[in-house]
Each structure stands twice: as C-alpha cells, then as structure tokens.
Amino acid sequence: MAGHTKKWIGIVAILCQLFISGYALAYEVGTHAELTSAAYDRSILVDKDFLHTLGLSQETLIDVSRADARRPIENDGSIEGWLRQGAVREDGFNCLDGRPVNHFFDPQNDRPLTVLGRELGLRSPDWALEDRMEAAGQDYSLRDARDRFHEAMTLPERHLRDRAFGLLFQTLGHVMHHVQDMAQPEHVRNDAHLVTPCRPDWLPRDVSPIWEDSSLYEYYTNREHVLRDLPIDGYGALDLSVFDEARKLWEDDRRGMAEFTNYNFVSKDTNFRGSAEYLTTNPEYPSPMAAAGERIRIEDPRLLGPDQRLRGWMQFVASAVSDTYVGNENRNERAATYSIFTQDLQHGIPPFHSFSLNRFNFDAAHEFLMPRAVAYSAALIDHFFRGQLAVVDSVLTGQELMIQVRNDSVAEERMANGRFEIHYDGASGLRKRLVLTAGEEPGSGGLAYGAIQTLIARMPADVDTGTDARFVVTFQGDIGAEGGVAAVVLERPKSGFIIRPYDIPADGITGDRLLSRVNGQWVLDPETGALAAGNVDWKGAYVNGVATRVLTWMGPPGRYHPRQKGKPEARSRSVFRAGEVFAVAPCGVIGAAIQKGTDGREWLLVICPSGSDDVVYRRPAVKDPTATDWELIGVVPAQPDALPADRPWFFNGSGTEAQTMRLLSDKQSLTRLRLRVNGTNFSYENLGNTEITRTRTWSWDYVCEDSPYTVSSHARTDIAGSNVVAVDYVGDTEVLAEYFVEGIYEYELSGIYDDSQHGEITQDRSLRNNLQHVLRIGSRSWPMATYQNMETSHYNGGGMSTGEKNDLYYGVLILFMDLRHGLLIYDDQLYTTSESRSVPPHQYGTAEYMSTEARATVVHFEGAARDAYRSTRTGNGSYAAGMPRSWEDEIGTCFDGTSSNGSGSDTDAVPHSLAGPGWWTIGSYAVDVHGELFTSFGYMDIDGAVRPYHWFSGGDPAVIMGSGSPQSSFHPIRLR
C-alpha cells in the first residue's frame, strides 16, 4: 500500500510539474522586460567609456537578424534589446519549455520548488549561475555568459563575434530574470502556482479553469496601468565589494534578494494565520511577524477613489520590513488583508481568521520590492563586468608588440589563476591570437588591484595596419572570489612621433600626423588633428625595464637648458599622455610624474614655478582636463643667490624624487636641487655643485736700477675639476652630465729695456695654452672644446720684430642632449691658424696668415655617429701687428726705480657653467619609446643660405610624406 501511495505522489508531482512549466509563472514577460530596461539604465552598460574599452557604444546594433522585435521584447539589436529578450525568453522558448520550474528558491529551507516532498527543479541560483554544478538543458547561465564574453572578443570572424555579443547580453537577461523572480514572494516561499501549458486561444485570458491556481500578484503587476507606474527608483547601487560573488545576490546572511523577500513578505499560500487575539505566521515561515494594521472605510478615496460606491470596512495586517544590507527597518502597513470570510469564520470553534492578498497589498509590496529588483539586477550586470583592464602603455614595432595593462577591477579585486591573451586583426580580416613571449600567466599569487601586467608578443607579418585594426587583451580566470573575464580593445598602439609638416603631404592630409614604425617600416597615420603632446617627457613605473607610464609637457627644446641663460621658456599648464591632454595644472608645468601610493592609488604630481619658489601639487592620476582638485604638498623656496626656474625638474621612475639645476646670479654657476615626496611627506635640499679649481704659480726677477732695466717673468696656471650641468633618471637611477676641464696656461717673458735708447730694446716672449673640455654622461665621454696655441716673438730694437703663432681651437655648440639615451646632437667647429710676421718695431704693419675651418653637426646616439652636414673654408688675410702691450705691463714695476724678485702660488674655485661649449637649441628633437631619434632644424650652408635638415632613425620624413618642397620643415613632438 505504501508503494502505491508513493507511486501516486510521484504521478501527482509530475502532473504538477507539467502545469507549473506553463507560460506565466513569475512576473509576466512585460514586467521582466521593463525591470530589465530599468536595471540597464542603472548599470555600467550605459558608461560610454567602459563600452569603448570593449569596442562598443550605446548606439551599437548587434546581430540584428536574430533580434526579436515583438512586444513586449522590442529588441532592435541594441544591448538593452538583447537584455530584454533574454529576460523574457527565460520563461520559456515555447509553451512546453520546462525552464520555469527552476525559478524558485526558498532560502529559509534551502530548497527549490517542492510539491508533496518532491523537488521539481533546481534552486534558482544553481540553475542561473551553474557555479556549483552543470545543469542539463541549461545554455543561458552566468557561466555560459563568461564563455560568450570571451568569444565575443576573440572569435576569428566578425559575424561570429557579433553573434556571441548578442548571446552574451541575452544570457545576462536570462540570469537577471532570476534575480527579479527573487523579488516575487511566491518564488521564495515555495508557493507553486499552476497554469495550463499551451493555453488554448479560446480560453479567455482572465478566466482560470478550476484546476489552475494562477498568481493574482503577477497578473495584477503586469496590468498596463500598474506596469507603467511601477515604483522602480529609490534604492541605491549595491557595493560590489560586499556582493563579491554572484550567488550573494540571492542569499548572503539575509542581504540577498531572495532572503529579503522571504523574510519580509507573505504569499497567497503562506499568509498569516490565527485569530484577532493571537496573530501568527505560517508554520514553515516564522517571518515576517504580523501586527495589527490599518482599518479603513472602503469609501476612503485613498483606496478606490471618490467615485467608489461600495461601502464597508477593510482591515489590514501590518509587518516589519527589515533590510539587513542597508541596516534599516520600515513598516509595511498593508502586508495582508482580513478576508471577507473572517466575520463568519471567527465564530467557529476554535475561532480563527482568514487572510487574503489584494491590489492594496500588492501596491504596498511593490514599494519595497521593485526598487530592489532593479538595483539587484543592475548589480548582476556590474558584477559580471567587475573585472576591468586599462591599457597603460603600448609599443608597436616591426618585430614586437608590448602592451601593459592595469588591473582596474571595480571592487579592487585580484586577478589570479588564469591567463592573459592578445588577439589581433589580421590583414585577411580574421582575428587571431598572438603567441606571447612574456606575461601570459599571472600565477596563483595573482595580479593585485592597480598592478600592471606587461604582455610581449612577436608581431606576425599579417597584422592589419588600417585605422580600424584592433588589438584585444583578455583575461580569463579568477577575479576576486570567483571566475570571470576581463577585456580591453586597443585601437592601434600609439608610438612614434607627431610631426607637423609645413607643406601638404602627398596624401593631401594636412595637420599633425603620427609617424609610427610598423613591420620595420615607418608609416604615416592617416588620422590627423586629434593628437597633442609636449616636447619634454617623463617615463616611469618601470616593469621589466620598460616604462609603464609616460607623461609629456612643454619645456625647452634642448630638454635641460633654455635658449638663453636665466630666461625661462614659455610654459603650458597642460600635461599630456598618449596623445591627449591628461590634466591641466594650476600653473605652468616644469615637471610631472605619476606616483603610486601604498594603497595602490595613483597620483599625478606636477611642479610649477610660483614667483621664485617651486611648488609641488598632486591630484588623482585619472584623465580629467577639467579637474581642479589639486592638493598643495610642498614648496621649494627661492635658494640664496639663485635665479628663478629656467629649466625643468626631472622625476625618477617611481615619482618619489626629482632634481633640477638652477642658475646662480653670476649666470656662470649652477647649483643642484633635489626634492623627495612620498604621499604628502615632502622634503628638499640644495646639493650645490662640484668644483673646478685653478692653481697659479709664478716667479719674477725685476732689476730696476738705472736704465737699461731687465725683466724675467714666468707664470703657470693649472685648471682641473668638474661641474654638474644636467641631471636626469633612468628608472630610479640618477644620471648626471658632468663637465670636466683640465689643462695649463703658461707664459714666459724676458727682456731689456733702455729708457733712453728706445731703439735698442730686446724682448723674447712665449705663450703656451693647452686646455681640454670634456662632457661625461655616465661612463661615456665626449670632447667639448680644445684650446691649443703656441706663440713666440722676438723684438730687436735694432732690427725687425719677428714672430710665429700656431692656434688650434675645437669648440662645440650643443643643440640637444638626452642623458637617458647617452644622446648628443651638437655643432662642432675646428679652427686652425698659422701666422708668421716680420715688421719694424714700434710700427703697425700687416701680417699674412692662412686658416682652415671644418664645420660639422654630428649626431651621437647609442654609440653611433652621423654627419649631418660638413663644410670647409680656406683663405688668406692680414691684420695690424705691433708691439704687444703686455711688455709695458711686465716692466711697469720698474718705473718706480725699485727692484724685486719672488715667487708664489694660490688656488681658488672657478665659477663654471656652460663655459667652453655653448648651448643654443634650434629646431625640434624627440626620442620615442624605442630610443629612435627625430631631429629637425635649419642650418646655414657654406654659401650663407639657410637649409632645412630633417632626419630620424631609419628614414627621411620628406620621403615618407612625399613632400615636394625642398624647404619643407617638420616639427616632431614626443608622443610617448
């Protein structure tokens, strides 16, 4: 007998499952469509910047041919349309679809829909998420959505990616349907409602056969005038750090949607019980507790309006509504209603009341449930897209692609136990995966929030270099507490140079252009006009020797030195990054960097001059040219005897230290300043400079008796030492440019002077000058100047004055320098002069001379040298010659009739700044992230005409651009 009973229970359960799988189980399709649209409007999917990282926009239409435009779906192929389609289709793709039996979850009893002790489906979160099990027949779970997200970013063919995007958003709509069902009391309190599957058309919609037990709550909610006025606003966005797992949106210590509804609301079959003296709850659901509510006359216009002709009383039951997530408690005055049968039933033995639910109870429940249904649905979308990547930097060469991405997860979650991939658009139109040579696996330790992953891959030959070509970076693995996918689209890496041609290129496109190196060849980007950058840069946050942050600003063309000593260049308030204005500082920028705090937050630092002081500001390192939230964190006051800033500050790679050179008031000496900043901790110091010393030794013997007088004199000056003239950083390592001077200057004279017989004077004089000037950057040295001259002369009062002079001068005019690359661009000049003369003493005559001049601009770059131009000139000339005035200076001591002899020495420091080499920056210079050089300037040729000179590593811009004018000029501006 027991076996037969069990068999019949099973048959009944199967029949119930058949009925329950009908069309209208939860909120009906119109309600789900509208709740989904409201959630979409509050989700990250309306953030245009986020959509841009996926290659989408709000105007994007996806796989329109599969979109269902029938009401109430109205899917036009938009993201919102596909979400609506999924939310509607979760109630079944046909009238016999059994999906709805999986739409129930009773969190108090941890069970799915259960009839006569038999579970008829899966718990709603088990079915919708598939996070703990694989559900048979389920193709629209959150796990399926992750797979479709990855496919939408990486499948080879465009139409397949479009289809995957449509399925992705449709699948999210399916899962949102479940979150919304958890805001329907019958679905969280095991309250089955039977409807007829494949309901015949002849059966009126508002007529229920006797065997049906449909949901009046759902039917009422879906009525047009109710649906139009549903209260969907008023509940704030959820904190994803609290709901860090999708399942927590269902249940999480009473913060889940299912728990909120279950513990705070009753359903038709789990309503209150008891009598007027003792209200109680359904035995299976001890919450919510009942309390006496309002007793209102039916004619009260608050219920039915002024035209209502019914008379009588309506008694409501109240209950508390506790929101554990927000932490507040409210009162629902109309949780349930005394039934019209109560008056008769209360006279029974024992007396009891009957309770019902009506439109007034539904309206009251809507006020609490609908705003939460929308907020929790939006949170599901945001949770799914919680993993976000930001491209920090990218470099594209003919051989290699480097992309650096930062973990920008919304809830600051770690990415771990997964892998990164880069896909690219090939010339054939297919999207393909690159083989990474570095950075594929983040490892179990993971990539912390704010941390950077460097991905390097060899570039294939078929990469598409068109304007629509894309690189896609994806991550699949754990994002925080559960699996996820993150992706970012890179619409062609920007590296190279921005150039500004003065004439029209061959392609007819004017304006600023990007010159990039692709597959070993320089190519001119067809886009124009949207790029902006400065000519001085900072590179920092190095990972594996590669800078992950680059900022530029406007500074002196020579990088370290102004065109004129003590005269600042024009300064801009803009800081640039990746070809765009990143921020606008409170004053003209003379230094910038990005610093990462201990909490992972990044800060933009800028240094500006304020009078004679240098002021350091900071603000969050996010792109916002309109932001004014700058925080003053330190001031370097005017230094003693120092002029105001005329050259930039340069930060180290971590943005914690910066240095500059400051010109002193003698306009010959430099002092070095250093500041340190860590968060808001700030300090500075004046480091002074190294010294060049001059040691003089001399001896003399003057016999100053009666005429003639005799003189013997010898003097020697030894010069040695160095000054720091520029400072920079490679990573966090300081790099100095030091100017060394070493050599001697020697002078010797002997002579007889007869004051009474001017014609009988003899003098022998010799002069020797040999000074070497060297610029040293790190371990490398360059000769900057050489002075060598030898001069001998003999004057004989009875004859001719004869002399020989040989001069050699090698001097350098530095045009541009970059200490990070060991780079110098300079104009060097070599002069040699030979003279011989023979003229009568005390007379001015002429002397013949010959001179040869060699002139060249040489580019030194990473050990390589290149002549830009060279010219030579020879010629003859003459100049006036006569007795040197130094003779009278030497014997002047004897004019007072005294004699003396002696010797001595002294040593002193010599002010030295830029003496020897000149600093005269002309034109424009830039070095890109690969260390490639671009230079553009004009020079004077041997015929006196000014010629343009343009050159960069591996090419001639005029040839690449097809510019016709030989006088064309190009102004490179550093982009990265």
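In which order do the four strands of the open sheet lie, and is their pairing parallel or antiparallel?

A: The order is β24-β25-β26-β27, and the pairing is antiparallel. Two ground rules come before the details. This is a predicted model, so local features need pLDDT of at least 70 and side-chain atom pairs count only at pLDDT 80 or more, while totals for chains, interfaces and linings use all residues. Residues are numbered from 1 along each chain as its sequence is written, and side-chain values use heavy atoms, with hydrogens and water left out.

Now the sheet. Strands (E, at least two residues) and helices (H or I, at least four) are DSSP runs, numbered from the N terminus. Two strands pair if DSSP finds at least two bridges between them. The edges are β24 (591-596) and β27 (631-636), and each pairs on one side only. Neighbouring strands here are turned by 25° against each other on average, direction ignored. Axes are lines fitted to C-alpha atoms, for helices over the stretch in contact, and angles run from 0 to 180 degrees between N-to-C directions. One of the bridge pairs is K596 with E602 of β25. In general, strands of a sheet pair through backbone hydrogen bonds, either parallel or antiparallel.

Strand β15 (residues 471-479) has seven of its nine residues buried. Buried means under 20% relative accessible area; exposed is over 50%, and partly exposed lies in between (1.4 Å probe, protein chains only). β11 (residues 415-425) runs antiparallel to β15, and eight bridges join them. There, Y424 stands opposite F471. β15 also pairs with β16 (residues 482-490), in the antiparallel sense, over nine bridges. V473 has V488 of β16 as its bridge partner. β15 and β16 form a hairpin with two residues between them, and G480 in the turn has a positive phi of about 75°.

Next, a pair of helices. The axes of α2 (residues 29-41) and α7 (residues 158-181) come within 10 Å and cross at roughly 105°. That makes α2 roughly perpendicular to α7. By angle, under 35 degrees counts as roughly parallel, over 145 as roughly antiparallel, 65 to 115 as roughly perpendicular, and the rest as oblique. H32, L35, T36 and A39 of α2 meet M176, H177, Q180 and D181 of α7. Contact means heavy atoms within 4.5 Å. This contact has three nonpolar, four polar and one charged residues. Nonpolar covers Ala, Val, Leu, Ile, Met, Phe, Trp, Tyr, Cys and Pro; charged covers Asp, Glu, Lys and Arg; the others, Gly among them, are polar.

What about length and cover? The 13 residues of α2 reach 19 Å from first C-alpha to last, close to the 18 Å expected at 1.5 Å a residue. The expected span is 1.5 Å times one less than the number of residues. The 24 residues of α7 should span 34 Å, and its end C-alpha atoms are 35 Å apart, which agrees. In α7, 19 of the 24 residues are buried. In α2, 10 of 13 are buried, including G30, H32 and Y40. The buried residues of α2 pack against α7 and also α4 (79-89), α9 (216-221), α10 (224-228) and α13 (359-384).

Finally, step back. The protein chain has 15 helices and 46 strands. Of its 976 residues, 54% count as buried.
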